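Reader: I'd like to learn how to read helix packing and chain contacts from a model. Can you walk me through one?

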Amino acid sequence: MRNRLTLVVLALVALAGSVTATAARSQSTPLTIYAAASLTDVFRALDPAQRYSFAGSNALETQIRNGAPADVFASAAPLNTQRLFRQGLVDKPVTFTSNRLALIVPRSNPADIKSVYDLKRKPVKLVIAGAAVPVGGYTRTVLRKMGLSSVLSKVVSQETDVRAVTSKVALGQADAGFVYVTDAKAVADRVNVIRIPAWAQPRVRYEIAVVSKSSNKAAARAWIKMVLGRRGQNALKEYGFLPPPTGA
Amino acid sequence: MGAGALTLGASWVATAGAATEDDLAFANFGAATEFLVKDFYAEALKSNVFAGTEANALRHGRSCAAQHAKALSDLLVGAGDVAPLEEDFEFEWPAKTFKSKNDALATGIGVLRALLGAYQTAAATVTEPSHRVLYASLTASVGQQIASLAGFEGARAVEPFPVATDLETASDALESYLG
């Protein structure tokens, strides 16, 4: 009887040790988070312990479709997450923040751009993101809404993500570029920001989802909950992002 | 010519005309601004600064703005574009706007004048004839609303030649309200 009790106690101790080890492993193993380039600064500041891959959401979508080992996907456009969701590659996405577009010009402003309409009136070297990149699609929406699509003929370079557009303008390699307000804020000392009217703004919605093949879904879900919670939303606000729209 | 242009005496009907991007830019601006105008009337009514026939005029103005926004949204959707929604905007009114009748009227008339200027230009320049009819109708309605508000204070609202403005000028005039 005494031997049997000892065995039970030993078994319980072993089980407890195993549970603790699993929990420790899931806490210590960083999640792999694929996120839109525009989220670079805020996500790194929010949780430096995770492993990130930042790029254009379209490129990240392709990588996840090709089996990249991501746990979480945060996209700058619903199109990318919803496509993966329909194919069963991510769990149901949720909207977690929104953003606005702005036109930026280098501080020296060599093309003397003071309004979005100046892009049509003046010779200008314009840099934008490619059409498949969320910010590139949003840029085209702004131009179409304002009746300014003709300025696309002045595009000298199409970039793979918003950080590349921001960088080119900040370095003076282009006269103007369309970026998110949050990216403009990050280089405020090197660029002038020209506002895009509210009536011409696209609906910029960021969605986040757990990747279906994640080996750490519980931690991925907890991380998304953190982003949706007060801590995450405060960080996003601090970096200039807007709250998710009502009803999203 | 689109069906809307021929349906005299009836409400404007959206037609799938060959609208240019410039035509649609006026519709995008107009729809957003009509939401702003609707919000102005709603806030003015909430302020309790207006009563009786004046409040009735505000209610009527609010209804007109809602119908205008719908017509312009229909135009956009008919052209294969995405129509703006009221919840896309955060309207911002200066703190004192609805504290007194004078301030409210000055703000409302200012917004309507900017919209009127854009509609005048649209009525003269858009390519699709049925859309021109719509913009001419909107121009008339907004002019009537300006006269109605100005009449509250016995002010003279009649201008011999209200100024037509381009979209950029009209947009700049409303930037502080549209958020």
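Reader: At what angle do helix α3 of chain B and helix α5 of chain B pack, and how far apart are their axes?

Author: Keep in mind that this is a predicted model. α3(B), residues 52–78, and α5(B), residues 129–152, pack at about 160 degrees, with axes 11 Å apart. Angles over 145 degrees count as roughly antiparallel, and α3(B) and α5(B) are therefore roughly antiparallel to each other. The crossing of α3(B) past α5(B) is left-handed.

Reader: Which residues in α3(B) meet α5(B)?

Author: Here's the general idea: an α-helix has 3.6 residues a turn, so residues three or four places apart point the same way. In this case, α3(B) brings Glu54(B), Ala57(B), Gly61(B), Cys64(B), His68(B), Ala71(B) and Leu75(B). Their partners in α5(B) include Leu134(B), Leu138(B) and Phe152(B). By class, this contact holds seven nonpolar, six polar and one charged residues.

Reader: How many residues of chain B are in contact with chain A?

Author: 16 residues of chain B touch 14 of chain A. Both α2(B) (21–46) and α6(B) (167–178) supply at least two residues on the chain B side, and the largest share, seven residues, comes from α2(B). Sorted by class, that side has six nonpolar, four polar and six charged residues.

Reader: What span should α2(B) have at 1.5 Å a residue?

Author: Its 26 residues should span 38 Å, and the end C-alpha atoms are 38 Å apart, which agrees. Also, 20 of those 26 residues are buried, so α2(B) is largely enclosed by the rest of the structure.

Reader: What happens just after α2(B)?

Author: Asn48(B) takes a positive phi there, about 65 degrees.

Definitions and conventions. Residues are numbered from 1 along each chain as its sequence is written. Chains are lettered from A and ligands numbered from 1 in the order in which they are written. This is a predicted model: local features need pLDDT of at least 70, side-chain atom pairs count only at pLDDT 80 or more; totals for chains, interfaces and linings use all residues. Axes are lines fitted to C-alpha atoms, for helices over the stretch in contact, and angles run from 0 to 180 degrees between N-to-C directions. Helices (H or I, at least four residues) and strands (E, at least two) are DSSP runs, numbered from the N terminus. Angles under 35 degrees count as roughly parallel, over 145 as roughly antiparallel, 65 to 115 as roughly perpendicular and the rest as oblique. A crossing is left-handed if the near helix is turned anticlockwise from the far one by less than a right angle, and right-handed if clockwise. Two residues are in contact if their C-beta atoms, placed from the backbone, lie within 7 Å. Ala, Val, Leu, Ile, Met, Phe, Trp, Tyr, Cys and Pro count as nonpolar, Asp, Glu, Lys and Arg as charged, and the others, Gly among them, as polar. The expected span of a helix is 1.5 Å times one less than its number of residues. A residue is buried if 20 or more other C-beta atoms lie within 10 Å of its own, exposed if 12 or fewer, and partly exposed in between; C-beta atoms are placed from the backbone.
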